[in-house]
Amino acid sequence: MPYYRITVTLKNKQVHSGIRLLEVWNPDTALRMVEKTAHEHYGEGKVKKVDVAMLPKSSEEVKRFIASQGRR
């Protein structure tokens, strides 16, 4: 399963970013899933844009994410 960096930009210029493990291999499908969730969470008119990027498992960010999940 691939890891994705998700960035949600709101209309009030707040930016929320994080890494998630999604069970979807197609980045377009992942984007649609994340957009739907963002609109439900923040409200339909507040989301300006959503970006999704697939990350390699060997990247430093993914390694830190996996390590932080192990500590919980």
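Helices (H or I, at least four residues) and strands (E, at least two) are DSSP runs, numbered from the N terminus. This tour concerns a predicted model, in which local features need pLDDT of at least 70, side-chain atom pairs count only at pLDDT 80 or more, and totals for chains, interfaces and linings use all residues. Residues are numbered from 1 along each chain as its sequence is written, and side-chain values use heavy atoms, with hydrogens and water left out.

**The whole chain**

Read from the N terminus on, the elements run β-β-α-β-α. The C-alpha trace spans about 35 × 25 × 20 Å along its principal axes. Of the 72 residues, 28% count as buried, where buried means under 20% relative accessible area, exposed over 50%, and partly exposed in between (1.4 Å probe, protein chains only). Among contacts (heavy atoms within 4.5 Å) with a separation of 6 or more, 49% join residues 24 or more positions apart.

**The largest pocket**

Next, select S1, strand S2 (15-21) and helix H1 (27-42), each of which supplies at least two residues of the lining of the largest pocket. On a 1 Å grid over the protein atoms alone, a pocket is an open set of points where a 1.4 Å probe fits, with protein on both sides within 12 Å along at least five of seven lines; a cavity is a set from which the probe cannot get out, and lining residues have an atom within 4 Å of a point. The largest pocket holds about 320 Å³ of space; grid points are joined across faces, edges and corners, and the volume is the space filled by probe spheres set on the points. Of its 13 lining residues, Ile6, Val8, Arg20, Val34 and Thr37 are the closest to its centre. H1 contributes the largest share of the lining, 6 residues. By class, the lining has 7 nonpolar, 5 polar and 1 charged residues (Ala, Val, Leu, Ile, Met, Phe, Trp, Tyr, Cys and Pro count as nonpolar, Asp, Glu, Lys and Arg as charged, and the others, Gly among them, as polar).

**The nonpolar cores**

Now select Tyr4, Ile6, Val8, Leu10, Leu22, Ala30, Val34, Ala38, Val47 and Val50, the 10 residues of the largest nonpolar core. Such a core is a set of buried Ala, Val, Leu, Ile, Met, Phe, Trp, Tyr and Cys residues joined through side-chain atoms within 4.5 Å. S1, H1 and strand S3 (47-55) each supply at least two residues of this core, and S1 gives the most, with 4 residues. A second, separate core of 5 residues includes Tyr3, Ile19, Leu55 and Phe65.

**The aromatic pair**

Keep Tyr3 and Phe65 selected. The structure holds 1 aromatic pair: the ring centres of tyrosine 3 and phenylalanine 65 lie 6.0 Å apart with planes at 75°, so the pair is edge-to-face. Rings of Phe, Tyr and Trp (its six-membered ring) pair if their centres lie within 6.5 Å; planes under 30 degrees apart count as stacked, over 60 as edge-to-face and the rest as tilted. The pair links tyrosine 3 in strand S1 (residues 3-10) with phenylalanine 65 in helix H2 (residues 60-71), 62 residues apart. Both residues are buried.

**Two further stops**

Select valine 52 in strand S3. Not counting residues up to four places away in sequence, valine 52 touches Tyr4, Arg5, Ala30, Leu31 and Val34.

Finish at threonine 9 in strand S1, which is buried, with a relative accessible area of 14%. Leaving aside neighbours within four places in sequence, threonine 9 is in contact with Gln14, Val15, Val47, Lys48 and Lys49.
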